[in-house]
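User: Please take me through this protein model by question and answer, with the cut-off behind each term.

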Amino acid sequence: MPPQRKSNEYERGRAVAWFQDGVPKREVARRLHVSISVIVRLIQRFTATGRVQERRRLGRPKKTTPREDRLIERLALQTRTASSSIIRRQLRVATNTNISQQTIRNRLHGFNLRSRRPAVRPRLTPAHRAARRAFCRRHVRWTRQQWSQVLFSDESRFTLNHNDD
């Protein structure tokens with residue numbers, strides 16, 4: 001199923017105006033890039049109520065306003081490592097809105113902002129550090145000509161052709 005595209009009030013008004021001017025429903029749907037069933041329901045709603053606004057929806061209303069949602073997004077983007085509890089505190093200071101950490105995570109998920117963990121690299125032991133220092137001391141006076149003779153390899157195997165075995 002393709003993603004649903006929300007039409008704004010202006011587009012709905014245009015659709016009704018085109019229909020009243022005699023443009024067929026299919027053509028109106030094509031012009032607005034929506035399904036014909038959307039136009040049919042819009043025309044039915046307009047003839048019944050005389051309005052193009054959407055009806056109120058069922059379900060629990062959002063605890064945050066669109067302005068607070070934008071603030072949550074901006075706070076998360078400004079400090080990429082901030083947790084939901086930190087963003088919650090900053091939001092409470094800025095707008096005096098008290099919402100749960102889960103609501104913060106839901107809003108960030110709605111903005112396609114996901115939490116990430118930093119990449120973990122292997123730790124260098126004191127023996128590794130000593131071996132590196134010894135290597136550096138042995139080769140500190142090498143010239144560019146001497147280094148050009150060295151092939152550094154991590155012992156990984158690379159296949160350049162399909163026939164390489």
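User: Which residues of H6 are buried, and which face of the helix do they line, one or several?

Analyst: This is a predicted model, in which local features need pLDDT of at least 70 and side-chain atom pairs count only at pLDDT 80 or more, while totals for chains, interfaces and linings use all residues. Residues are numbered from 1 along each chain as its sequence is written, and side-chain values use heavy atoms, with hydrogens and water left out. Helices (DSSP runs of H or I with at least four residues) and strands (runs of E with at least two) are numbered from the N terminus, and buried means under 20% relative accessible area, exposed over 50% and partly exposed in between, with a 1.4 Å probe and protein chains only. In H6 the buried residues are Thr103, Ile104, Arg107 and Leu108, and seen down the helix axis they fall within an arc of 135° (taken from the directions from the axis to the C-beta atoms), so they line one face.

User: Against which helices do the buried residues of H6 pack?

Analyst: Contact is taken as heavy atoms within 4.5 Å. By that criterion, the partners of the buried residues of H6 are H4 and H5.

User: Which residues does Leu71 contact beyond its neighbours in sequence?

Analyst: Leu71 has its place in helix H4 and counts as buried because its relative accessibility is 12%. Its C-alpha lies 9.5 Å from that of Ile87, a residue 16 positions away in sequence. Leaving aside neighbours within four places in sequence, the contacts of Leu71 are Leu91, Ala94 and Thr95.

User: What is the volume of the second largest pocket, and which element gives the largest share of its lining?

Analyst: A pocket is an open set of points on a 1 Å grid over the protein atoms alone, where a 1.4 Å probe fits and protein lies on both sides within 12 Å along at least five of seven lines; lining residues have an atom within 4 Å of a point. The volume, meaning the space filled by probe spheres set on the points, is about 430 Å³ for the second largest pocket. Of its 17 lining residues, the closest to the centre are Ala82, Leu108, Leu113, Arg114 and Ser115, and the elements that give two or more residues are H4 (66-78), H5 (84-95) and H6 (101-110). The largest share, 3 residues, comes from H6.

User: Where does Asn112 lie, and what is its phi?

Analyst: Most residues other than glycine have a negative phi. Asn112 lies in the loop between H6 and helix H7 (126-139), and counts as exposed because its relative accessibility is 56%. Although Asn112 is not a glycine, its phi is positive, about 65°.

User: What is the phi of Asn96, and is the residue buried or exposed?

Analyst: Asn96 has its place in the loop between H5 and H6, and its phi is positive, near 60°. With a relative accessible area of 66%, Asn96 is exposed.

User: How many helices and strands are in the protein?

Analyst: From the N terminus on, the elements run α-α-α-α-α-α-α-α. The count is therefore 8 helices and 0 strands.
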